[in-house]
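Dear colleague,

I am handing over the structure below, together with some notes on what was found in it. Please keep it open while you read, and look up each element as it comes.

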Amino acid sequence: MKRRDFICASALAGGGLLLSFQAVARFIDGKPVATDADALGDYVKITPQGDVLFQFVKHEMGQGVSTAMAQILVEELCADWERVKIEFPMADKKFEHDTGGSCTIIYQWDRLRSAGAVARQMLIEAAARQWNTPAANCYAANHEVINKTSSQRLGFGALASAAAKLTPPQEATLKDKRDFQVIGQPKPAKLIPEIVTGQLKYGIDVNLPGMLYAVVARCPVFKGKLKSFDATNALKVKGVKKIFTTKPIAGLQLESPYMPHDIREGVVVVADSFWAARKGRDLLKIEWDEGPNAKYSTEDFEALAAEHAQHRTDPTGYVGDENAVADVGHVRKTLRASYVFPHQIHACMEPLNCTAHSHPDGCELWLGTQAPHLIVFELNRVFHFAEDKIKIHLHPSGGGFGRRYYPDMAVEAAFISKEAGHVPVKMIWTREDDHLNNFGHLFQHLEYQVGLDKDNKLYAWYEKELRTYTWAAKYADPQLPFMAYNIPNIRYDFEDLIQHELVQSSAWRGVVGHGRFYHECFIDEIAADQKIDPYQFRLSLLRTDDVYVGDPVPVSGSRMRRVLTLAAEKANWGKPLPAGQGMGIAVCIYGGSYVAVIAEVTVRDHQLRVDKVTIGVDCGKVINPSGTSNQITGGIVWSLTALFYGGLPIKNGRAVYSNFHQNKLLRMNECPAMEVHFVETNEERPGGVGEISSALGVPAVLNAIFAATGKRIRKVPLGADAFA
């Protein structure tokens, strides 16, 4: 593969430099490495006015990743931070848009560094030619190229057009990390001014000439169907244009190869305003066939899961002896416990929406999405639109949390536009739609059992996970849990409950599910049984070298120990506490990062208060300490919301919570004090941080509750009688 297949420089219309990179090219030590992709994507633009326009190809949903990515680029480019702007390009298969799993920074690190370094070298070369001096005599700093021998200076804007005519360098010369001035510095999110002034346009803000509005009355029961409807009264509403069903596209989309999703059968009301459409929907008379879930409730489903949990399946994976936990020759004592993490709702602040304009042979869409490539795939599969006839305008989102990874809203909107007469239509889910008809985070039942040998050593670990969501319908992706604990025999059984689920399950903020980290509660139970301090017990189980537990990427015992000891030190673990107070600890690896969370709680007058949360983090190279801390504390708030108020209760097949007055979120006055401490590390690369803490708030607090009260709680959310 030729170098120019990786890096391409060209002139911007009107002058300036446009630098493109192969969409999924990878770089190692500044050198491109061949991949399967064959296209180039525009990446960085430098205008004659000197503005650096960073084409943000990932999805910004409030996590601040656009700022962190800009920092990496600016560092290598030696640009002025204030002169860098973030732009949202159209979706294009040339770009790697996929956003999820805490992977964005991990995968963009090399590419952004190389893009910045290549652009810097080209600007330096352009200046050197103007000054008739070797490039080695020049350097870039603060948006200028400077001649070391003459002190002459030229700004990036003045050099951009000349740089665009040069051949990109053979390889990117990256800065020494000791020279970093932007990476590692706390920076406020670039988009904040636009957000607080209302200038940032979300998908729900889209307004097109001649655009109509649509709301959908969806079957309130998952897997239910539409029997009949009467639109007589709805059609009398001024502004209502058309009413039709979504039957042709409804149902479980199991043909979607990566992300199966459900489009509930419903009735669409299209009108010239949102309020007319909503009023028309209110006047529809609909008869539903509620299907197999009509009499099914959360309690029935949880009982079924508990019954299945009692039966072992063939092990999905194991190390050592797969039947060790039952080996009476070695096992002196067994401990067993069951934990449940129920469905959760995403509750994005911006309800789902999509504006679509279908044409006979294609479609144009405007929305915030984590995975535009899946939308293209689905529109091709369902409507047979050619890929090059599908245009997607990308917008930031008011929250995603995994929900905006799914393409259903785009399919629905494209269908509505088509049925409405190939006109642009903005489809909006109301807040109530969002609560009553939406996907939920997966349900998990964890069944644990361990065996202790004659020396009270942890000899065997058995874990069975029952889950409603897998990566896809056609394969499960179960793995041994991400533990670094040195246990000689580990067995993991997996059973999916998809066919029994009450609601379409999906990813959340923490893709594999928070329930998997209940093992930190069970570790605590073992420590309590052994009358060993839970912190010391964990240390005793951690090795100092790498541990392979089912994933090709090893878990570093030493990195785990460092976050654990840092958090314990900062939280003053072991300090005397009065009656009714306690501290709990939980630790894990996620997204290549390591985190330990210590919660301090008070249980008094039958009420729980989380007083403080201390977090030790090793996420490798920290790009933006401010943004990273925000992500980590935000994850704790997310976790505590699930602890206090979470769940998606279902009664007779219908979601019980209709809005935020029932589905409560943790309020500011309920948030604990939080401290984030980063491990000093020599790691050269960054890890993911978007989901590392959200999984640990619950187990840390539940362990703290035990320390304060002696009471084990094995299911969230906490009921009203949790401390009665």
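In helix α10, the buried residues are His519, Glu520, Cys521, Phe522, Ile523, Asp524, Glu525, Ile526 and Ala527, where buried means under 20% relative accessible area, with exposed being over 50% and partly exposed in between, for a 1.4 Å probe and protein chains only. Helices (H or I, at least four residues) and strands (E, at least two) are DSSP runs numbered from the N terminus. This is a predicted model, in which local features need pLDDT of at least 70 and side-chain atom pairs count only at pLDDT 80 or more, while totals for chains, interfaces and linings use all residues. Residues are numbered from 1 along each chain as its sequence is written, and side-chain values use heavy atoms, with hydrogens and water left out.

Because nine of the 11 residues of α10 (residues 519–529) are buried, this helix is largely enclosed by the rest of the structure. Its buried residues pack against β19 (333–341), β25 (444–452), β26 (458–467), α11 (534–541), β31 (581–590) and α14 (697–709), contact meaning heavy atoms within 4.5 Å. Just after α10, Lys531 takes a positive phi of about 55°.

Helix α2 has 28 residues and reaches 40 Å from its first C-alpha to its last, close to the 40 Å expected at 1.5 Å a residue, the expected span being 1.5 Å times one less than the number of residues. This helix bends by about 30° at Asp110, the bend being the angle between axes fitted to the seven residues ending there and the seven starting there. Since 23 of the 28 residues of α2 are buried, α2 is also largely enclosed by the rest of the structure. Just after α2, Asn132 takes a positive phi of about 55°.

The axes of α1 (residues 65–77) and α2 (residues 104–131) come within 7 Å and cross at roughly 35°; axes are lines fitted to C-alpha atoms, for helices over the stretch in contact, and angles run from 0 to 180 degrees between N-to-C directions. Among the residues that meet here are Ile72 and Leu73 in α1, and Trp109 and Leu112 in α2.

With best wishes
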